[in-house]
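Subject: Handing over the structure

Hello,

I am passing this structure on to you, and I hope you enjoy looking through it. Please open it first, and then read on for what turned up.

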Amino acid sequence: MIACLVIPGFELRAALRERPRLQLEPAALAPEPGAEALLGPVTAAAEAGGVQPGMRLGEALGMCPSLQLVDRDPAAAEQAWEAIVRRLEDAGFSVDVATPGCAYFETRGVERLYGGLEPALKRALKAVGAGWDARVGAASRRFAALAAANVAREGQALVVSDERTREFLAPLPVTLLPMEARRREELAELGVKRLGELAGLPGGAVAERLGPDGRRAWSLARGGSRGRVRGRRPAAELVELLEFPEAVGNELTLRRSLGVLLDRLLARPERKGRALRKVALAGRLVGGGSWRRTVTLRDATADPARLRLALAGKLTELPAPIVMLRLEALVLAESAGRQLELVRPEGDELRAHLSEGLRQVRAGTGSGSVCTVVEVAPWSRLPEQRALLVPRDD
């Protein structure tokens with residue numbers, strides 16, 4: 001079985017960890033700086049007042065004048081989610097992270113360890129910890145597990161058998177599908193609001209009207225493929241930080257601080273000479289909240305000059321002065337060096353470049369992001385039906 005663990009409104013919950021009083025009041029995650037003024041997740045009290053996630057800020061304040069906006073804290077959310085994932089891994093689960101607040105894992109390997117499927121799912125909920133209101137769904141198909149987790153109540157583990165998958169999905173809203181908002185609006189205009197209604201349409205007609213995204217949504221509404229869950233590689237635990245006695249916004253001071261953090265990070269013995277492939281730069285803002293940027297390097301390197309050049313430009317994106325600067329090594333290269341050859345066999349250089357490119361994509365976007373095309377119905381007249389995208393194992 002495939003299990004999906006979901007923490008609704010995770011970013012808001014992480015931002016409220018230091019302000020627990022607001023959890024019982026009308027509050028919402030503030031819009032991203034510079035982006036459209038749309039609210040993020042909201043508390044139960046705000047939802048009772050008519051405020052919904054994705055609502056425009058002016059409309060929400062007009063409906064609920066007492067609504068309080070919570071600044072985004074991406075650094076705190078990232079740290080909290082990493083702690084949750086590590087607790088799951090310590091409990092024996094091989095976790096594939098989809099987004100912060102949503103993760104998948106296989107139960108087959110741990111069912112014998114905990115005495116069955118339901119005890120294993122309860123152990124996963126216990127590993128998350130109190131205060132997050134997590135829920136788990138399990139099914140033989142990945143999308144069905146996600147749907148079950150979204151339907152389950154707080155602290156509940158909901159299991160859907162393969163025979164009941166279509167029946168279970170039929171009454172659920174199409175908003176569960178990973179589609180663009182305009183595609184959902186198009187379905188609503190056509191009167192399609194439930195997964196069962198979408199699944200009952202001819203696949204060719206859906207693909208012709210909505211394109212490849214519509215075809216994929218139609219397949220998911222019918223249960224989706226059985227796919228496998230591949231656990232992530234544990235993140236590198238290399239972190240360095242500097243706390244300032246007072247807020248710093250001067251670019252020269254920030255660049256010098258970055259240089260100090262880089263020197264400390266590269267001197268860590270845990271690195272074992274390996275180069276850095278993906279790093280993160282985060283800061284604690286003086287007015288509350290945090291700022292965070294990740295950088296995936298084209299070529300893994302341990303050269304301080306190259307790393308400083310790749311990261312220094314991110315400091316100009318700081319929205320306010322900071323009181324703390326943090327540097328993290330997220331992904332390290334697999335080896336400490338590169339073996340050179342006098343003469344390389346024909347084609348090896350191209351394969352090496354392709355493999356390096358795939359590693360860069362995986363480091364930047366996560367597992368399952370690199371796919372290969374597999375023909376399933378080459379005789380079909382519709383291009384969307386001839387092949388499927390399947391995640392690569394190598």
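How many salt bridges does the count come to? The count comes to 14 salt bridges, where a salt bridge is a side-chain nitrogen of Lys or Arg within 4 Å of a carboxyl oxygen of Asp or Glu.

Before the details, a word on the ground rules. This is a predicted model, in which local features need pLDDT of at least 70 and side-chain atom pairs count only at pLDDT 80 or more, while totals for chains, interfaces and linings use all residues. Residues are numbered from 1 along each chain as its sequence is written, and side-chain values use heavy atoms, with hydrogens and water left out.

Salt bridges

Let me begin with R72 and E11, whose side chains form a salt bridge with an N to O distance of 3.6 Å. R72 sits in the loop between strand 3 (68-70) and helix 4 (74-90), and E11 belongs to helix 1 (residues 10-15), so this pair ties together parts that are 61 residues apart in sequence. Helices (H or I, at least four residues) and strands (E, at least two) are DSSP runs, numbered from the N terminus. E11 has a relative accessibility of 40% and counts as partly exposed; buried means under 20% relative accessible area, exposed over 50%, and partly exposed in between (1.4 Å probe, protein chains only).

A salt bridge also joins the side chains of R13 and D133, at 3.0 Å from N to O. R13 is in helix 1 and D133 is in the loop between helix 6 (117-128) and strand 6 (135-139), so the pair links distant parts of the chain, 120 residues apart. R13 is partly exposed, at a relative accessible area of 22%, and D133 is partly exposed too, at 29%. The backbone of D133 is worth a look as well: its phi is near 55 degrees, a positive value in a residue other than glycine.

Next comes D73, which forms a salt bridge with R284, their closest N and O atoms being 2.8 Å apart. Because D73 lies in the loop between strand 3 and helix 4 while R284 lies in strand 9 (residues 276-285), the pair ties together parts that are 211 residues apart in sequence. D73 is buried, with a relative accessible area of 10%, whereas R284 is partly exposed at 22%.

There is a network of salt bridges too, linking E78, R292, R326 and E328.

In which order do the 4 strands of the open sheet stand? The order is 8-11-9-10, and the pairing is antiparallel. Strand 8 (238-248) and strand 10 (290-301) are at the edges, each with a single partner strand, so one side of each has no neighbour in the sheet. On average, neighbouring strands here are turned by 15 degrees against each other, direction ignored. Axes are lines fitted to C-alpha atoms, for helices over the stretch in contact, and angles run from 0 to 180 degrees between N-to-C directions.

Strand 8 is joined to strand 11 (residues 322-332) by 7 bridges, and the two run antiparallel; two strands pair if DSSP finds at least two bridges between them. V239, for one, has E328 in strand 11 as its bridge partner.

Helix 4 packs on this sheet and touches strand 9, strand 10 and strand 11, its direction making about 65 degrees with that of strand 10. Contact here means heavy atoms within 4.5 Å. Helix 12 (residues 251-266) packs on the sheet as well, touching strand 8, strand 9 and strand 11, with its direction at about 155 degrees to that of strand 8.

In the loop between helix 12 and strand 9 you will find K272. Its phi is near 55 degrees, a positive value in a residue other than glycine, and K272 counts as exposed at 65% relative accessibility.

Around strand 5

Strand 5 (residues 102-106) is largely enclosed by the rest of the structure, because 4 of its 5 residues are buried. Strand 1 (residues 2-6) pairs with strand 5 in the antiparallel sense over 5 bridges, and I2 stands opposite E106. Strand 4 (residues 95-99) also runs antiparallel to strand 5, joined by 4 bridges, with V95 opposite F105. Strand 4 and strand 5 form a hairpin with 2 residues between them, and G101 in the turn has a positive phi of about 100 degrees.

Best wishes
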